Each structure stands twice: as C-alpha cells, then as structure tokens.
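Dear colleague,

Please find below the structure that I am handing over to you.

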Amino acid sequence: KQHVHLHRVVRQGWILGSMTFLGLNLPLIAIYFTLFPSLAIRSWCCFPMAAKSFAGPVSAAVYQGFKAKEWAAGKERWFGSFFVALFVSVSLFFVYESIQIDQNLGFSQCVSKDLLTAVGIGLFGAWMTNTWPQVCYKAGWIDSADPPTPLTGEVQAEGLSPYEGLTTPTQKLVGHGLVAVRVLNVGVLVPVIDTLFFRAFVFRELGVLGAPELLQVISAAALWGCYGMHYKGEWVMKFVFGLILQMTAVINPDTCSFVPTIVAHSVRNLILAASAVSTRKWHRWNV
C-alpha cells in the first residue's frame, strides 16, 4: 500500500508540476505584453494581470522590510491580498478609458436575459466547484475531499484561517479586514482580471495568429484551468467551467460579450466566499 501511495504522489507531482509551471508563466506573458505590446488596443488587457503579478514580490519585500512577521505571523498570503487589491484596482482605473474606446471587446449594456443566464451559470459553477473534490476523492486522486488537499497532505496557505492568532477584539478587527479584502479580490477583481486576460487577450491573440474559433475557445479555457491549481483533478473542473465562460463571451459578441462572463464568474466566486466565511472552511474560496 505504501508503494502504491508513493506512486500516486509521484504521478500527481508530474501532472501538477507541469501544469503549475505553465500556469505560473502566464503572468510573465502578461508582463511581457504589457511592457512590449504587440497590438496597442489589446495589450491593455494584460495590464491588470501584470499588476497582480507585481503585487506578490512587492508585498514580500514590504513584509520583510517592515518586519511584519513579528506582528502578523502566518499572514504572509493575507498580507499580500492588500497589495493585490491595491495594484489591480489602480490598474483597472487606468484601463477604464481603454475599455470605453475598444468597442470590439463588447462591454456595452446587456439585457436582463443575458444577466439572468450569467447568474445561472455562476450558480452552476459554484455547485460544480463544491462537488468536484468529492469526485476526485472517489477517483483516488486526492486523500481528502474537504479540504481537497493534495496526496502529499500539503495544506494550501489560502486555506488557513485569517483569524489564527488573533484573540483580542482589536486583533479580530484585523481579521475582519483580511476577510473583506479577500472577498473583494475573489468576488470582484479576479473575475475582471481573468476575463480581460484569458477571455479577451488570449482568445483574440490566438485569432490574430490564425487559430480557428473552436481552438481559440478550447485553448483559452485550458490555459485558465492551469492557472491557480490547488489539487489534482481540479484542472478538469476549471476547464469545463472555463469553456462555459468562454462560450458565453463568444456567443453574443455584438451586444455584451464579456459582461455576462464577468457576472457569472463573480457570482460563482462570491458564493464560494460566502460558504468559506459562514462555515469557516477557508479553503473553499481557493478559486
């Protein structure tokens, strides 16, 4: 049994390792195209993803420089959430005029039917995200379904409690602030970032390179699935949901191609965040 378990761990390592390597390089692509745009109108779609990437090393430098580990021990990832929210919000402010200018991206007003459909897609995405770990657990891909930890038993930092080590009322206010910033990130900023980069930039750049529309849809969804994986098998679920989001963006390009996509993604993430906060199972907002 130990030999079988070790074999599964190694196999998972190869699968997760290769996909994670690809996913980690996507922000570098965003940085490159932000600094060296190939198409002026479309390159701004990479700017928020590039800003999010820069937020990581900046927050680490500040965390170490101000010796935050002495008064915020175990809050490295939470500490970084503030910088992600700040950097991305500023980047979105600067690209706002570009969104208004580039009418081809389809950020025009949507009808109620499109938004209701988007809410339904978001509800389905939340259900699929919550139930998929059970499927992976039954398939033997992971050793625990709640939380869906990898076979190695590694605990993801995002799954740690924001209130850990905070006991006094004043300290608990800090925990409330961490939760609020995290909800802002996953519920509002992440859907916009992912839509601009994967469903706008990646999709349209593949078209510029001559890829047929079906390949554009599949490739953009597959790349999004590789970005931010947390356990083996998650890529399949994210790929399916990414396909739905990408097709939602493509199906009505002349009226509101990306607004329903952002709404659907946001509804899904906000439901998962609400589940994490209400149950105190913080791994549930790993989105």
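**Overall architecture**

The chain holds 9 helices and 0 strands. Please bear in mind that this is a predicted model. Read from the N terminus, the order of the elements is α-α-α-α-α-α-α-α-α. The chain has 287 residues, and 45% of them count as buried. Among the contacts with a separation of 6 or more, 71% are between residues 24 or more positions apart. The chain exposes about 14600 Å², and 69% of that area is supplied by carbon and sulfur atoms.

**A nonpolar patch on the surface**

Leu86, Val90, Phe93 and Phe94 together make a nonpolar surface patch of about 440 Å². One of these residues, phenylalanine 93, is located in helix α4, which spans residues 76–101. Phenylalanine 93 has a relative accessible area of 63% and is therefore classed as exposed, the cut-off being over 50%.

**The pairing of α8 and α9**

Two packed helices are described by the angle between their axes and the distance between the axes. For helix α8 (residues 234–251) and helix α9 (residues 259–279), the axes come within 8 Å and cross at roughly 150°. On the α8 side, the contact is made by Met237, Phe241, Leu245, Thr248 and Ala249. On the α9 side, Pro260, Thr261, Ala264, His265 and Arg268 take part.

Lysine 113 and proline 260 are 147 residues apart in sequence, while their C-alpha atoms are 9.9 Å apart in space. Lysine 113 is placed in helix α5, residues 112–138. With a relative accessible area of 57%, lysine 113 is exposed.

Helix α9 also contains serine 266. Is serine 266 buried or exposed? Its relative accessibility is 15%, so serine 266 counts as buried, for which the limit is under 20%. Leaving aside neighbours within four places in sequence, serine 266 is in contact with Gly187 and Pro191. The C-alpha atoms of serine 266 and glycine 187 are separated by 5.0 Å, although the two residues are 79 residues apart along the chain.

Glutamine 216 is part of helix α7, which covers residues 213–226. The relative accessible area of glutamine 216 is 9%, so this residue is buried. Which residues does glutamine 216 contact, leaving aside its neighbours within four places in sequence? They are Phe203, Arg204, Leu206, Gly207 and Ala211.

Most residues other than glycine have a negative phi, and most peptide bonds are trans. Arginine 280, found in the segment after α9, has a phi near 65°, a positive value in a residue other than glycine. The relative accessible area of arginine 280 is 47%, so this residue is partly exposed.

**Points to locate in the structure**

- Serine 266 and its contact with Gly187.
- Arginine 280, with its positive phi.

With kind regards

Technical notes. Residues numbered from 1 in each chain as written. Predicted model: local features only at pLDDT ≥ 70, side-chain atom pairs only at ≥ 80, totals over all residues. Heavy atoms only, no water. Helix = DSSP H or I, 4+ residues; strand = E, 2+ residues; numbered from the N terminus. Buried < 20%, exposed > 50% of the residue type's maximum accessible area, 1.4 Å probe, protein only. Contact = heavy atoms within 4.5 Å. Areas by Shrake-Rupley, 256 points an atom, 1.4 Å probe, with all protein chains shown as cover. Patch = residues over 30% accessible without salt bridge, like charges linked within 9 Å, V, L, I, M, F, W, Y side chains within 5 Å. Salt bridge = Lys/Arg side-chain N within 4 Å of Asp/Glu carboxyl O. Axes fitted to C-alpha atoms, helices over the stretch in contact; angles between N-to-C directions.
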